[in-house]
Amino acid sequence: MATIISTLFISLDGIAEADPDWHFPYFDENMAAAVTDDYAGTELLLLGRVTYDSFAGAWPDRETAGDVDADFAAQLGDTPKLVATRTRTDLGWRNAEPTDDLLSAVRGLRERPGLGKVLIPGSLSVVQQLLDAGELDELHLLVHPVAAQHGRRLFAEGPGIRPLKLLSSEVFPSGVIRLAYAPAELPGKAGYAQAAEKLAEAGSSE
């Protein structure tokens, strides 16, 4: 069954609308390796229309130019792409298919025989919708040590809380932290009384 994975660049204050001014200064060989790892084994890309237009407006030309990123550009072009969009016009890049019903399309991907890793690069609105619907399996974040202070946040205000389970973590010399999470449940019910007991236990062990 397909595994739906999101990968996002994000600031310390939760802004997931990456700005070149705070993103690129931290893009070193460690982050390049992390990005390469996230894309490795990807069988299908799931993109929102804004992210898709950004990709389609840059990567085909980079592939043609044959520069240092041409191989990665070719990889993106060759990978099947499902684009969440309300328009049904030609998307203008090979292996790209539109869908106007995101959740139905994702549920269809889960039922597609033999499909493995589905990666969502960027595409914040897509990620938020899938989180709300319980259709995201893993959330990969590259947390930059900067407060962006403006832009769209990954977790907007809403009802309830959203527990996550940490799958892995890695700290780069630049201060960027690579984190992978999966949706989870709270570890249990507790309040101040339980916290006070833990504080007392910690104090008595010193």
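**Strands, rings and charges**

Me: S7 and strand S8 (residues 177-183) run antiparallel, joined by seven bridges. What makes them a pair of strands?

Reply: Pairing takes at least two DSSP bridges between strands. S7 and S8 have seven, so they pair. Strands here are DSSP E runs of at least two residues; helices are H or I runs of at least four, all numbered from the N terminus. Within this pairing, Glu170 stands opposite Arg178 in S8.

Me: What kind of model is this, and how are values taken?

Reply: The model is predicted, with local features needing pLDDT of at least 70 and side-chain atom pairs pLDDT 80 or more, while totals for chains, interfaces and linings use all residues. Residues count from 1 along each chain as its sequence is written, and side-chain values use heavy atoms, leaving out hydrogens and water.

Me: Why are S4 and S7 called edge strands?

Reply: The open sheet has eight strands, ordered S4-S3-S2-S5-S1-S6-S8-S7, with mixed pairing. Strand S4 (96-99) and strand S7 (164-171) each have a single partner, so one side of each lacks a neighbour in the sheet. From one strand to the next, the twist averages 25 degrees.

Me: How do you know that helix H7 packs on the sheet?

Reply: Helix H7 (residues 124-133) touches strand S1 (3-11), S2, S3, S5 and strand S6 (138-144). Contact means heavy atoms within 4.5 Å. The directions of H7 and S2 make about 105 degrees. Such angles run from 0 to 180 degrees between N-to-C axes fitted to C-alpha atoms, for helices over the stretch in contact.

Me: Why is the pair of Tyr39 and Phe72 called edge-to-face?

Reply: Phe, Tyr and Trp (six-membered) rings pair with centres within 6.5 Å; planes under 30 degrees apart are stacked, over 60 edge-to-face, the rest tilted. Tyr39 and Phe72 sit 5.1 Å apart, centre to centre, with 85 degrees between planes, so they are edge-to-face. Tyr39 lies in helix H2 (residues 29-39) and Phe72 in helix H5 (residues 70-78), so the pair ties together parts 33 residues apart in sequence. Trp59 and Phe72 also pair edge-to-face, because their centres are 5.2 Å apart and their planes stand at 80 degrees.

Me: What makes Tyr39 buried or exposed?

Reply: Its relative accessible area is 8%. Buried means under 20%, exposed over 50%, partly exposed in between (1.4 Å probe, protein chains only). Tyr39 is therefore buried. Trp59, at 13%, is buried too. Phe72, at 23%, is partly exposed.

Me: How do you know that Arg62 lies over the face of Trp59?

Reply: Arg62 is 4.6 Å from the ring centre. The cut-off is Lys NZ or Arg CZ within 6 Å of the centre and within 35 degrees of the ring normal. Lys81 lies over Trp93, at 4.4 Å.
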